Amino acid sequence: MILGVQMVPPNGVWREFLELEQARHVAVNLLNLDNWPQWNSTAQRILSSEKGELSEGQRFDLHRIERQQLIEEMWQVKFIRKGNDPEFTEIGFDWLGQSSNGKKSGNAIKSLRLEITVLCEDQGGVEIAAWWQVSKWTRFFKARVENSAKQIAKQWLSDLSNKAVLELENIKQIISQEEE
């Protein structure tokens, strides 16, 4: 117990080991919202009032087309921590909900928090811890709903450890180069 707050263990934790330089690229690409469409498979488009580096409290929406439906996932940055000894970046994200063609959906997941830690050291890599709660009315298909929450975390881990390990060119730079 820390300061009267009971620490609840995560529902799941997943890790991928990376080379030092790969981990550094992941940290940069995770922090830069402009790079997300290049590595995050659920972020074909992003809507946010701020661009570039993420900041605490920032809200953003990930948009994708799935079965001819516009799916929007709303997220908020809960915290950002960085350190040098060891070199790491840690970001907490709260899922604020989902909509399909402008109508609220995904109500079976009551809450979802992802905490992503990127350790930029030898034997480092990416770790995602996930906490979720499902709505009470989902008791008959609780396992399926919990699997959905688990799959979000696992997809982010897969995307980060496979697609974000390279130095990605800023989207703004790519667009301006195409216009020239």
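Of the 180 residues of the protein, 44% count as buried. The accessible surface amounts to about 10900 Å², and carbon and sulfur atoms hold 48% of that area. These values describe a predicted model, in which the average pLDDT of the protein is 85. A pLDDT of at least 70 is reached by 82% of the residues. One stretch to read with care is residues 173-179, where pLDDT stays under 50. For residues 173-179 the model has 3 contacts beyond four places in sequence.

The secondary structure consists of 4 helices and 8 strands. Followed along the sequence, these elements come in the order β-α-α-β-β-β-β-β-β-β-α-α. As for contacts between residues at least 6 apart in sequence, 54% of them join residues at least 24 apart.

Strand S2 covers residues 45-48 and pairs with strand S3, residues 59-66, in the antiparallel sense. This pairing of S2 and S3 runs over 4 bridges. Within it, Arg45 stands opposite His63 of S3.

S3 also pairs with strand S4, which spans residues 69-84. This pairing too is antiparallel, and it has 8 bridges. Here Asp61 has Met74 in S4 as its bridge partner. S3 and S4 together make a hairpin, with 2 residues between the strands. Arg67 lies in the turn of this hairpin and has a positive phi of about 50°.

Technical notes. Residues numbered from 1 in each chain as written. Predicted model: local features only at pLDDT ≥ 70, side-chain atom pairs only at ≥ 80, totals over all residues. Heavy atoms only, no water. Buried < 20%, exposed > 50% of the residue type's maximum accessible area, 1.4 Å probe, protein only. Contact = heavy atoms within 4.5 Å. Areas by Shrake-Rupley, 256 points an atom, 1.4 Å probe, with all protein chains shown as cover. pLDDT = per-residue confidence, 0-100. Pairing = 2+ DSSP bridges.
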